[in-house]
Amino acid sequence: MAATAVVLAVTGVLGGAPAAYADPGPGVSEKRLEEVRKELEGLYRTAEQATEAYNAAKEQVALQQKEIVKLARTIDRTQRRMDELKRQAGALASAQYRGGGIPPEARLMLNKDPEAFLDNATLVRKGQHAAKDLSDQLARTKNALEGYAQDATDRWERLEENRRKTEAAQLDVRQKIEAAQALESRLAAEEKERLKKLEDARALQEQQKWLDSGVLKDIGAHASTAGKKALAYATSQIGKDYVWGAEGPDTFDCSGLTMRAWQAGGREIPRTSQEQWRQLPRIALKDMRPGDLIIYYPDASHVGMYVGDGAIVHAPRPGRQITVTGAGSMPVLGVVRPDK
């Protein structure tokens with residue numbers, strides 16, 4: 001945490017006067033550079049949305065594949081049970097055939113020995129019950145098998161649909177990132193540096209507004225034991241590249257980082273930021289503590305981990321590295337706590 005505090009102080013995310021940047025120099029005008037910044041921000045935002053859609057579809061495909069394997073095993077067991085019941089039914093039919101095809105009731109009428117009659121009557125009732133039970137089991141098993149087969153067909157159709165979604169989302173991500181990279185590549189090295197400073201200044205401005213609102217006034221909770229482990233993992237990844245769809249250990253996207261960090265904290269959490277927002281317990285901002293996850297934007301398409309003192313560690317976007325920045329530098333949707 002001491003090392004994190006140094007990073008916070010250097011990056012200026014704790015508030016105070018904005019960092020003084022060098023004169024941007026000649027080349028692209030400030031107005032045009034701001035237009036480029038906004039255009040890039042829009043492209044990378046849509047790329048991040050598509051990335052989360054890709055992650056969700058990919059997760060669904062993996063889940064459905066597991067379910068189909070389990071269903072196939074159930075179908076196999078049910079089919080073996082069906083075969084056994086058919087064998088028993090065949091044996092019963094053979095026994096009746098060996099009896100000459102005379103109905104049991106008729107054979108009883110022809111029996112002149114009262115004791116034998118009673119014994120046979122008992123056996124006939126048992127046989128009738130057994131035959132009915134066998135017939136009922138056969139019908140139930142047949143219905144179950146048909147149901148499993150239909151379920152398997154439905155699951156395969158959903159699986160193929162999600163595979164198509166995954167491919168479409170993957171293509172969408174690549175197109176958005178390529179468009180952003182193409183736009184950025186047209187800038188000279190010096191202009192790229194100016195653009196980076198412009199982005200940092202914009203983030204610091206948003207962070208300062210967030211801090212000026214008094215949001216940190218009542219926040220003072222300490223991290224839980226699991227939260228400390230998650231936070232230690234997340235901050236140890238600082239400097240690693242953002243790569244869309246990546247879950248570590250060398251590269252991460254935003255929700256890949258938070259998922260792996262909380263795995264290190266001993267908790268399994270959903271893969272995507274939308275599912276983290278939907279499934280994890282929500283916490284009031286004033287109750288936030290280090291290790292909690294802050295979800296951003298109305299569509300919950302970005303996530304970072306709160307480190308304390310108004311800052312988060314997160315994987316920002318393609319072309320950037322995992323870093324510490326102001327928790328208010330993006331529109332906050334809410335806060336969730338994996339270990340509540």
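This is a predicted model: local features need pLDDT of at least 70, side-chain atom pairs count only at pLDDT 80 or more; totals for chains, interfaces and linings use all residues.

Visitor: What does Glu275 pair with in a salt bridge?

Guide: The general idea comes before the case. Side chains of opposite charge can pair when their charged atoms come close. Here Glu275 forms a salt bridge with Arg278, and their closest N and O atoms are 2.8 Å apart. Both residues belong to helix H8, where three residues, about one turn of the helix, separate them. Arg278 counts as exposed, with a relative accessibility of 56%.

Visitor: How many salt bridges does a search of the whole structure find?

Guide: The search finds twelve. Among them is the pair of Asp287 and Lys286, with 3.4 Å between the closest N and O atoms. Asp287 is partly exposed, at 37% relative accessibility.

Visitor: Which parts of the chain does the salt bridge between Glu247 and Arg271 link?

Guide: In this pair the closest N and O atoms are 2.8 Å apart. The bridge links distant parts of the chain, with the two residues 24 residues apart. Glu247 is in the loop between helix H6 (225-236) and helix H7 (254-264), while Arg271 is in the loop between H7 and helix H8 (273-279).

Visitor: Is Arg271 buried or exposed?

Guide: Arg271 counts as buried, because its relative accessibility is 3% and the cut-off for buried is under 20%. Glu247, at 26%, is partly exposed. Salt bridges that share partners also join Glu247, Asp253, Arg260 and Arg271 into one network.

Visitor: Now the nonpolar residues. Which members of the largest nonpolar core touch the most other members?

Guide: They are Trp262, Leu293, Met305 and Val313, in a core of 30 residues. At least two residues of this core come from each of helix H2 (30-98), H6, H7, strand S2 (293-296), strand S3 (302-308) and strand S4 (311-314). H7 gives the most, with five residues.

Visitor: What is Trp262 in contact with, leaving aside its neighbours within four places in sequence?

Guide: Its contacts include Ala226, Ala230, Ile269, Leu293, Met305 and Pro338. There is also a second, separate core of 13 residues, which includes Trp210, Ile294, Tyr297 and Ile312.

Visitor: How do I read the strands?

Guide: Again, the general idea is needed. Strands of a sheet pair through backbone hydrogen bonds, either parallel or antiparallel. In this model six strands form an open sheet in the order S1-S6-S2-S3-S4-S5, and the pairing is antiparallel.

Visitor: Which strands stand at the edges?

Guide: S1 and strand S5 (323-326) do; each has a single partner strand, so one side of each is left without a neighbour in the sheet.

Visitor: How many bridges join S1 to S6, and how many join S2 to S6?

Guide: Two bridges join S1 (residues 282-283) to S6 (residues 332-336), and four join S2 to S6. Val336 in S6 is the bridge partner of Arg282, and Leu293 also stands opposite Val336. Elsewhere, three bridges join S3 to S4, and Tyr306 stands opposite Ile312 in S4.

Notes. Residues are numbered from 1 along each chain as its sequence is written. Side-chain values use heavy atoms; hydrogens and water are left out. A salt bridge is a side-chain nitrogen of Lys or Arg within 4 Å of a carboxyl oxygen of Asp or Glu. Buried means under 20% relative accessible area, exposed over 50%, partly exposed in between (1.4 Å probe, protein chains only). A nonpolar core is a set of buried Ala, Val, Leu, Ile, Met, Phe, Trp, Tyr and Cys residues joined through side-chain atoms within 4.5 Å. Contact means heavy atoms within 4.5 Å. Two strands pair if DSSP finds at least two bridges between them.
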